[in-house]
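Here is a short report on one protein chain. Please keep the sequence and the coordinates at hand while reading.

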Amino acid sequence: MTQTPTTRPPAPPVPGGAARRPDGVTALLSLWFTAGLLLDAWAHNNLPGLESFFTPWHAVFYSGFTATAAWLAWVVRTPLLAAVRGPGTLRERWDVVPAAYRTALVAAGGFAVAGAGDMVWHTVLGIEQAIRILFSPTHLALATAMVLIVTTPLRTARADDGLGPDPGLRRLLPAVAGLALATAQVLLFVQYGNALVRRGEGYLVAFGYTDTLFTAWVLSSVVLTTLVLVVPLLHLATLWRLPAGAVTVLFGACGALSLAVAGGANRVTVATVLVAGVLCDVAVRRLRPGPDRPSAVLALGALVPAVTWTLVVAVAVLTRSPGDRAGTAPLQLELVLGTPVVQALVGLLAAHVMTAGRVSGPAGR
């Protein structure tokens, strides 16, 4: 007697037609989700004596997660129900769900478990303060799950062969937005090295070279911030032709996070970075960096940090006031002129690493 072999059912497309449609809603809900995180970051950094898990900002944060998780389940309902009713093993049925949303669903489950653990942690051990917040096991678990959830549109776009090599910002916007939100979350958890939270006075003190350790700390934070800002852009440019507007979107998300952490005291720095993002997007239109233009990707890696930190340093120097404690400090010309150059070299090195060995064209993706 012969048996008819059981074949694995093909994975259907994400419901709702083109994958980018549900991804747009996923990106919007991720924005709500992330806004709650920014509010929580603001509270922890600007409200002393915070000793409760049940706060308005936690309500925004966890309601954003609930709405996002419910949407993820709704998006995959059709393939998931088809898999449950169809033949095959549990693994074969699970494989019917689109891969990007499988990861998101698992991450949502992990986030729920970590959220419950966070409540228990705070109830038993209290609310962490200062830098300990960034190393709490439950917080790190929440951050990891959150990054996987908000980057769902990016993973969907990577799997979509119909996008082509140059889809443009309109079609890539959910993916770019998700990556920007994830980048802001990473910047939050390395906020001890986030140079965007600093006012111009902080840079002037460092450039005045009055304290070697402080100068080294400031300049090290600039290097770390450069990598956090540039690497995601380079990643996009190794997948598709980087659309103009992507730099501004990513800088906007990181600027909003930095404003929340600093309580708005760094608004001039953030505004300067946003202007730099717009200028970089103007350059992107001409450079057209993409997987088929590796030289333009290398130029992008150097250009973005060079423009950004040239503007930040220039604004800090030009707007200093004699009333500031750093206003009359003599500036070391080598530090003022060399800081943007060092960041350009850091970005160029990152671009070399990320483009090494890649095959140009669609096959290289």
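## Around Phe 251

Phe 251 is in contact with Leu 229, Leu 233, Val 273, Leu 274, Gly 277, Val 304 and Thr 308, with neighbours up to four places away in sequence left aside. The model is a predicted one.

Phe 251 also belongs to the largest nonpolar core, which has 87 residues. Along with Phe 33, Phe 111, Ile 149, Tyr 203, Leu 234 and Trp 240, Phe 251 touches the most other members. Helix H8, residues 168-189, gives this core its largest share, 11 residues.

## Overall fold

The protein chain holds 14 helices and 0 strands. Read from the N terminus, the order of elements is α-α-α-α-α-α-α-α-α-α-α-α-α-α.

How many of the 365 residues count as buried, in percent? The figure is 50%. Contacts can also be sorted by sequence separation. Taking contacts between residues at least 6 apart in sequence, 78% join residues at least 24 apart.

## The H11 and H12 pair

Two packed helices are described by the angle between their axes and the distance between the axes. Helix H11 spans residues 246-262, and helix H12 spans residues 267-287. Their axes come within 8 Å and cross at roughly 170°. An angle over 145 degrees counts as roughly antiparallel, so H11 and H12 are roughly antiparallel to each other.

On the H11 side, the contact is made by Ala 246, Val 247, Thr 248, Phe 251, Gly 252, Gly 255, Ser 258 and Leu 259. H12 supplies Arg 267, Val 270, Val 273, Leu 274, Gly 277, Val 278, Cys 280, Asp 281 and Val 284. By class, the contact has 10 nonpolar, 5 polar and 2 charged residues.

## Cysteines

How many disulfides does the structure hold? The count is 0. A disulfide is a covalent bond between the sulfur atoms of two cysteines.

Are Cys 254 and Cys 280 buried or exposed? Cys 254 has a relative accessible area of 0%, so it is buried.

Ser 30 sits in helix H1, residues 20-46. Its relative accessible area is 0%, which means it is buried. Not counting residues up to four places away in sequence, Ser 30 touches Thr 68, Ile 149, Val 150 and Leu 181. Ile 149 is one of the core residues that touch the most other members.

## Partly exposed positions

Pro 137 is in helix H6, residues 137-150. At 49% relative accessible area, Pro 137 is partly exposed. Asp 118 is 19 residues away from Pro 137 in sequence, and the C-alpha to C-alpha distance is 8.6 Å.

Arg 288 lies in the loop between H12 and helix H13 (294-318). Its phi is near 50°, a positive value in a residue other than glycine. Arg 288 counts as partly exposed, with 39% relative accessibility.

Arg 320 is placed in the loop between H13 and helix H14 (333-355). With a relative accessible area of 31%, Arg 320 is partly exposed. Which separations hold between Arg 320 and Glu 201, in sequence and in space? They are 119 residues apart in sequence and 7.1 Å apart in space, C-alpha to C-alpha.

Key. Residues numbered from 1 in each chain as written. Predicted model: local features only at pLDDT ≥ 70, side-chain atom pairs only at ≥ 80, totals over all residues. Heavy atoms only, no water. Helix = DSSP H or I, 4+ residues; strand = E, 2+ residues; numbered from the N terminus. Buried < 20%, exposed > 50% of the residue type's maximum accessible area, 1.4 Å probe, protein only. Axes fitted to C-alpha atoms, helices over the stretch in contact; angles between N-to-C directions. Parallel < 35°, antiparallel > 145°, perpendicular 65-115°, else oblique. Contact = heavy atoms within 4.5 Å. Nonpolar A, V, L, I, M, F, W, Y, C, P; charged D, E, K, R; others polar. Core = buried A, V, L, I, M, F, W, Y, C linked by side-chain atoms within 4.5 Å. Disulfide = S-S within 2.5 Å.
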